[in-house]
Amino acid sequence: MSDSDLIKENERVAHRVFRFYSRKVFLAPNNRHFHEQRINAALLLTEKEPLQGAVADFFMGAGLISHMM
């Protein structure tokens with residue numbers, strides 16, 4: 001298995017984990033563990049939009065945004 005194949009496989013696994021925790025966050029938006037695991041998975045992706053969304057959801061789910069306003 002070449003390095004590029006390994007990188008692609010790691011990306012697929014990270015994407016599956018990201019989607020898994022995205023569903024968990026949808027069902028339990030105040031669960032900090034689910035948000036943290038989703039952010040960790042997003043950090044492994046080459047795209048940065050999922051990370052931006054995960055961080056925004058973390059702040060909204062934790063209620064930090066509403067307390068700032």
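Visitor: Which residues in H2 are buried?

Guide: Phe34, His35, Arg38, Ile39, Ala41 and Ala42 are the buried ones in H2. They cover an arc of only 160° around the axis, which puts them on the same side of H2. That arc is taken from the directions from the helix axis to the C-beta atoms. Buried means under 20% relative accessible area, exposed is over 50%, and partly exposed is in between (1.4 Å probe, protein chains only).

Visitor: OK, and what kind of model is this?

Guide: This is a predicted model, where local features need pLDDT of at least 70, side-chain atom pairs count only at pLDDT 80 or more, and totals for chains, interfaces and linings use all residues. Residues are numbered from 1 along each chain as its sequence is written, and side-chain values use heavy atoms, with hydrogens and water left out.

Visitor: What do the buried residues of H2 pack against?

Guide: They pack against H1 and helix H3 (49-61). Helices here are DSSP runs (H or I, at least four residues), numbered from the N terminus.

Visitor: New topic: how many salt bridges are there?

Guide: The structure holds 3. A salt bridge is a side-chain nitrogen of Lys or Arg within 4 Å of a carboxyl oxygen of Asp or Glu.

Visitor: Which residue does Asp57 meet in a salt bridge?

Guide: Arg38, at 2.7 Å, N to O. Asp57 lies in helix H3 and Arg38 in helix H2, so the pair ties together parts that are 19 residues apart in sequence. Arg38 counts as buried, at 9% relative accessibility, while Asp57 is partly exposed at 32%.

Visitor: And what does Glu36 pair with?

Guide: Glu36 forms a salt bridge with Arg32, and their closest N and O atoms are 2.7 Å apart. These two are 4 residues apart in helix H2, so about one helical turn separates them. Arg32 counts as exposed, at 53% relative accessibility.

Visitor: What about Arg12?

Guide: Arg12 forms a salt bridge with Glu9, with 3.1 Å between the closest N and O atoms.

Visitor: Last one: is Glu11 buried or exposed?

Guide: Glu11 is buried, yet has no salt bridge. The nearest side chain of opposite charge is Lys48, 8.2 Å away. For charges, Lys and Arg count as positive and Asp and Glu as negative, while His and the chain ends are not counted. Glu11 sits in helix H1 (residues 3-27).

Visitor: So what does Glu11 touch?

Guide: Leu44, Leu45 and Thr46, not counting residues up to four places away in sequence. Contact means heavy atoms within 4.5 Å.
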